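Open the model in your viewer and keep the selection tool at hand. The stops below go from one selection to the next.

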Amino acid sequence: MATGRTHRPATRSRGIPEATVARLPLYLRALTALSERSVPTVSSEELAAAAGVNSAKLRKDFSYLGSYGTRGVGYDVEYLVYQISRELGLTQDWPVVIVGIGNLGAALANYGGFASRGFRVAALIDADPAMAGKPVAGIAVQHTDELEHIIESNGVSIGVIATPAGAAQQVCDRLVAAGVTSILNFAPTVLTVPDGVDVRKVDLSIELQILAFHEQRKAGEEVGPDGGGPAAAARAAAADDRKGPDGDMPAVMPA
């Protein structure tokens, strides 16, 4: 099986929009579930609903792959699983290192979904000397002093950072200098990387804040347009903003 360092997805993939690339794993997850249930074909409407997108967007996304369903039949599930897996590079072996084996890093190491999707955890790395040699998910933790050697000997091109924020940039710099070109960042900080290095950030606190925004908005809608609550408070604040020291301002200020 090919390794991640020496083989890349086909160059034609570069013509696929980033928004489409971001949805391909959603389609693959839905298709894999159908495959496990031995479902042979699926319509665009059914697959779109399972992936959480609209069917027109799904058909547009698949057109970038050169895949078109058969009218009255739909899409061949097994073929789409293969096609999307190939496009995402999941038919290859991608060795991954996880740096920072605290609670989060250990949880990631124990996640069984990596291997089933073409990602092999090649090494677990931590700065704490007391962690060296301890097994996590059946893999002995290694000290950060060995980071460069580990990356070179395993042909690693993908690194996962699960360190505290203060250590993340230094770890990132070392990963990049050693040849890592893709980084999944769980540290609560923004990383600076050179051109040619891709970073994906996972920040659970940001996602929760976005959900809190939607919850607050829903609460305001439930109260109603004149019944108080967050929506009424927002309107009152907006009204105050339109007032000056001498009372209400005109809707259009004079030039």
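How are helix 1 and helix 2 oriented to each other? Select residues 18–36, which form helix 1, and residues 44–51, which form helix 2. This is a predicted model, and in it the two helices pack at an angle of about 110°, with their axes 8 Å apart. Helix 1 and helix 2 are therefore roughly perpendicular to each other, since angles of 65 to 115 degrees count as such. Their crossing is right-handed.

Now show the side chains where these two helices meet. On helix 1, pick Leu 26, Tyr 27, Ala 30, Leu 31 and Leu 34; on helix 2, pick Leu 47, Ala 50 and Ala 51. Sorted by class, the contact of helix 1 with helix 2 has eight nonpolar residues, with no polar and no charged ones.

**Helix 1 against helix 4**

The crossing of helix 1 and helix 4 is left-handed. To see the contact from the helix 1 side, select Val 21, Leu 24, Pro 25, Tyr 27, Leu 28, Leu 31, Thr 32, Leu 34 and Ser 35. From the helix 4 side, select Val 77, Glu 78, Leu 80, Val 81, Ile 84, Ser 85, Glu 87 and Leu 88. By class, the contact of helix 1 with helix 4 has twelve nonpolar, three polar and two charged residues.

Is Thr 20 buried or exposed? Select Thr 20, which lies in helix 1. Thr 20 has 2% relative accessibility and so counts as buried. Leaving aside neighbours within four places in sequence, Thr 20 is in contact with Asp 61 and Tyr 64.

Ser 55 counts as buried because its relative accessibility is 18%, and the cut-off for buried is under 20%. Which residues does Ser 55 touch, leaving aside its neighbours within four places in sequence? They are Ser 44, Glu 45 and Ala 48.

**Two positive phi angles**

Select Ser 38, in the loop between helix 1 and strand 1 (41–42). Ser 38 is not a glycine, yet its phi is positive, about 60°. With a relative accessible area of 63%, Ser 38 is exposed.

Then move to Ala 137, in the loop between strand 5 and strand 6 (139–143). Ala 137 is also a residue other than glycine, and its phi has a positive value near 55°. The relative accessible area of Ala 137 is 40%, so Ala 137 is partly exposed.

Step back to strand 5, residues 135–136, and select Pro 135. At 66% relative accessibility, Pro 135 counts as exposed. Use the distance tool on the C-alpha atoms of Pro 135 and Leu 124: they are separated by 9.3 Å, and the two residues are eleven apart along the chain.

Now select Ile 206, in helix 9 (residues 204–223). Ile 206 is partly exposed, with a relative accessible area of 39%. How far apart are the C-alpha atoms of Ile 206 and Pro 188? The separation is 9.5 Å, for residues 18 apart along the chain.

**The whole chain**

Clear the selection and show the chain in cartoon form. Its secondary structure comes to ten helices and eleven strands. The chain has 255 residues, of which buried ones make up 34%. Among contacts between residues at least 6 apart in sequence, 57% join residues at least 24 apart.

Finally, colour by pLDDT. The chain averages 84, and 81% of the residues score at least 70. Then select residues 241–255, where pLDDT stays under 50 and the model has five contacts beyond four places in sequence.

Terms used:
Residues numbered from 1 in each chain as written. Predicted model: local features only at pLDDT ≥ 70, side-chain atom pairs only at ≥ 80, totals over all residues. Heavy atoms only, no water. Axes fitted to C-alpha atoms, helices over the stretch in contact; angles between N-to-C directions. Helix = DSSP H or I, 4+ residues; strand = E, 2+ residues; numbered from the N terminus. Parallel < 35°, antiparallel > 145°, perpendicular 65-115°, else oblique. Left-handed = near helix turned anticlockwise from the far one by under 90°. Contact = heavy atoms within 4.5 Å. Nonpolar A, V, L, I, M, F, W, Y, C, P; charged D, E, K, R; others polar. pLDDT = per-residue confidence, 0-100. Buried < 20%, exposed > 50% of the residue type's maximum accessible area, 1.4 Å probe, protein only.
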